[in-house]
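This briefing covers a structure for a reader who has not seen it before. The sequence and model come next, followed by notes grouped by topic.

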Amino acid sequence: MRWIWIDRILELVPGERLVAIKNISLAEEHLHDHFPVDSVEGLPAAPAMPGSLVIEGVAQTAGILVGHAENFRHKVILAKITKAVLNRDAVPGDTLRYTATIAQRMPQGAVTRGTIELLSPGFETERIGQVDLVFSHLDNNMGGVQFPEHNFVFGDSFKTVLRTSGVHVD
Amino acid sequence: MTRDEIFEKVRDLLVEALAVDEDEVTPEARLTVDLGAESIDFLDIKFQLEQTFGFQINEGELFPDNVTQDETFVHEGRVTPSGLAALKERLPHADFSSLGDNPEVTRVAEIFTVDALVRFCEAKLARE
C-alpha cells in the first residue's frame, strides 16, 4: 500500500490554500477490514473510510501547502492534531474534498485549518468535518539533532500527485 | 479586561490545546510538568493566545528563543547565572521561583505557569 491519501490537487494558492480530493474505492484493501462481516452479531460488511485516514488525508493536503510555501526546503512533520471532528462516514463511490488553509506560519512550523466535504453521487455536497493541525519544521525544532540532508518527507508519491495535478515544483 | 476574565480565557484555551480538565488549570500549574505540554504545544498556545486576545506575539517574547541552546548561557547542562539573568530580563512574566540559581536546562520550561501566561496577557493588553 502506498501512503498517499489524496488523489489530486484541485487548487493551490501558494502560502494560503490547497484543495485536494480523495476518491474512495472498494479496491482499497483496508476497507474490507473496516468493517468486515460480523458473524457473531449477524452484521453485514460495512466498508467505510477510517477517520484516522481522513485525518491523514487532511494532513497531507495541509502538509503539501506548508511545504510548498517554502519550496519544500523544510521537512514538514505533522506535530499535533489540535482538533478533529468528523460527522459522517465516507463510503466506496464517495469523494472527499479537503480544503487546507494556513492560519499562521512561523520559523518553527505552521498552524493549519482543514475542512472536509463529502461528495456523494445523488446527494448535495456536505461539509462533514474539520481538522486543525500544527506542523513542525523538523530541522528547526530538534535542538541540534541531525537528520538526513534530503527531504524524506516529500517523497516520490507526493511528487507524483503534484505533477499529475499540474503543480509545478522547482 | 479584568485579570479574572483573562484567566478564564487562558484556562479555556489550555483545556482545548492540552486536552486537560478545567480544574487542573490552576494559576500555579506548570504547562509542562503539571499539564503535559510538549514543545510543539508552545507553538499552538502562542497561536491560540493571539487568536483569543487579538494581539501579535513576537518570536522570543513569550517563550525563550534559543536561550537554552546558547553556549554562553549554558554550562554542563545547567543554565548559568548570567543565562538566568538574561532569561529573567527577557521574560518578566515567567515564574523563576522554583528553579534555583543554577537549574538544569531541561527544567527551564517549568517557569511557564498558567499564571505566567495570564501575567503576560495582562501586560500585553495594558500596553495596547
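A residue is called buried under 20% relative accessible area, exposed over 50%, and partly exposed in between, using a 1.4 Å probe and protein chains only. The model is predicted: local features need pLDDT of at least 70, side-chain atom pairs count only at pLDDT 80 or more, and totals for chains, interfaces and linings use all residues. Residues are numbered from 1 along each chain as its sequence is written, chains are lettered from A and ligands numbered from 1 in the order in which they are written, and side-chain values use heavy atoms, with hydrogens and water left out.

**Interface of chain A and chain B**

- Chain A gives 15 residues to the contact and chain B gives 12 residues, where contact means heavy atoms within 4.5 Å.
- About 1,100 Å² is buried between chain A and chain B, and carbon and sulfur atoms give 58% of that area. Buried area is the accessible area (1.4 Å probe) that two parts lose on being put together, summed over both.
- There are 5 residue pairs in polar contact across this interface, both residues at pLDDT 80 or more. A polar contact is a pair of N or O atoms within 3.5 Å; within protein, one must be able to donate a hydrogen and the other to accept it, and residues adjacent in sequence count only if both atoms are side-chain atoms.
- On the side of chain A that touches chain B, the elements giving two or more residues are strand 3 (76-86), strand 4 (95-106), strand 5 (109-119) and strand 6 (126-137). Helices (H or I, at least four residues) and strands (E, at least two) are DSSP runs, numbered from the N terminus.

**Salt bridges between the chains**

- The count between chain A and chain B is 2 salt bridges, each a side-chain nitrogen of Lys or Arg within 4 Å of a carboxyl oxygen of Asp or Glu.
- K80(A) meets D41(B) in a salt bridge at 2.6 Å, N to O.
- K80(A) also meets D44(B) in a salt bridge, at 2.7 Å, N to O. This pair runs from helix 2 (residues 39-53) of chain B, which holds D44(B), to strand 3 of chain A, which holds K80(A).
- Both D44(B) and K80(A) are buried.

**Salt bridges within chain B**

- Over all chains, the whole structure has 21 salt bridges.
- In one of them, R3(B) pairs with D115(B), with the closest N and O atoms 2.8 Å apart. R3(B) lies in helix 1 (residues 3-18) and D115(B) in helix 4 (residues 114-127) of chain B, 112 residues apart.
- R3(B) has 34% relative accessibility, so this residue counts as partly exposed.
- D34(B) forms a salt bridge with R30(B), the closest N and O atoms being 3.0 Å apart. D34(B) is partly exposed at 36%, and R30(B) is partly exposed at 24%.

- Of the 19 residues of helix 1 of chain A, 15 are buried, so the helix is largely enclosed by the rest of the structure.
- A cis peptide bond, with omega about 10°, joins H34(A) and F35(A). F35(A) sits in the loop between strand 2 (17-23) and helix 1 of chain A.
- N71(A) is partly exposed at 41% relative accessibility.
- F72(A) is in the loop between helix 1 and strand 3 of chain A and has a positive phi near 60°. F72(A) is buried, with a relative accessible area of 12%.
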